[in-house]
Amino acid sequence: MQIWVDADACPKVIKEILFRVAERAKIHVILVANQSLVTPPSAFIKSIRVSAGFDVADNFIVQEIEKDDLIITADIPLAAEVIEKGGHALNPRGELYSTETIKQKLVMRDLMDELRGTGEIMGGGPPPLNQRDRREFANQLDKFVAKWSR
């Protein structure tokens, strides 16, 4: 099992949690982004820079991910593709998506995009991560790693 990170939009604090887990559990963490990333020196942490462009990093991850790998992403369509391939998806706020929940999230995402497109709602992004979000992410990640480390 490997952990893939949709790193372009991944908060720094989440990356730091992942770096600690990689070392502690000896699990490979692969960050994929279209910009250079600074990572600590480690046999378990790797960054891959892909070319700039719409969904280039996402497409790379979907191509490379294997069954039972984990993706860290807030990108609902990317999470859905990973789950379809037999992988798992965890967002930076600590929500572990399942086959059932990802379908609901896709429908809601599409509806919100449509409403924003018609001007019926104005959208900003999600609020900044708070301490509770960080704790929930770390807890879910630890549970996932413990389950797959057996």
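The model is predicted, and residues are numbered from 1 along the chain.

I'll start with the sheet. It is open and has 6 strands, in the order β3-β2-β1-β4-β5-β6, with mixed pairing. Its edges are β3, residues 45–49, and β6, residues 96–97, and each of these pairs on one side only. In general, the strands of a sheet pair through backbone hydrogen bonds, either parallel or antiparallel. How do β5 and β6 run? They run antiparallel, and 2 bridges join them, with β5 covering residues 88–90. If you want a place to look, A89 stands opposite Y97 in β6.

Now the helix α1. It lies across β1, β2, β3 and β4, and runs at about 150 degrees to β2.

As a general point, nonpolar side chains in soluble globular proteins tend to be buried together. The largest nonpolar core here has 25 residues, and the members that touch the most others are I3, V5, I14, L18, I72, F137 and L141. Which elements give two or more residues to this core? They are β1 (3–6), α1 (12–25), β2 (29–33), β4 (70–72) and α5 (131–149). The largest share, 6 residues, comes from α1.

Take F137 as an example. Leaving aside residues up to four places away in sequence, F137 touches I14, I17, L18, I72, L90, N91, P92, R93 and G94. There is also a second, separate core of 19 residues, and among its members are W4, I30, V32 and I48.

Next, two residues in loops. K26 sits in the loop between α1 and β2. Its phi is positive, about 55 degrees, although K26 is not a glycine. Is K26 buried or exposed? K26 counts as exposed because its relative accessibility is 56%, and the cut-off for exposed is over 50%. The other residue is D68, in the loop between α2 (56–64) and β4. D68 is not a glycine either, and its phi is positive at about 75 degrees.

Last, the largest pocket. How much space lies in it? About 880 Å³. It is lined by 32 residues, of which A74, D75, I76, Y97 and P126 are the closest to its centre. The elements that give two or more residues to the lining are α2 and α4, the latter spanning 99–118. The largest share of that lining, 7 residues, comes from α4.

Terms used. This is a predicted model: local features need pLDDT of at least 70, side-chain atom pairs count only at pLDDT 80 or more; totals for chains, interfaces and linings use all residues. Side-chain values use heavy atoms; hydrogens and water are left out. A nonpolar core is a set of buried Ala, Val, Leu, Ile, Met, Phe, Trp, Tyr and Cys residues joined through side-chain atoms within 4.5 Å. Buried means under 20% relative accessible area, exposed over 50%, partly exposed in between (1.4 Å probe, protein chains only). Helices (H or I, at least four residues) and strands (E, at least two) are DSSP runs, numbered from the N terminus. Contact means heavy atoms within 4.5 Å. Two strands pair if DSSP finds at least two bridges between them. Axes are lines fitted to C-alpha atoms, for helices over the stretch in contact, and angles run from 0 to 180 degrees between N-to-C directions. On a 1 Å grid over the protein atoms alone, a cavity is a set of points where a 1.4 Å probe fits but cannot get out, and a pocket is an open set with protein on both sides within 12 Å along at least five of seven lines; lining residues have an atom within 4 Å of a point. Grid points are joined across faces, edges and corners, and a volume is the space filled by probe spheres set on the points.
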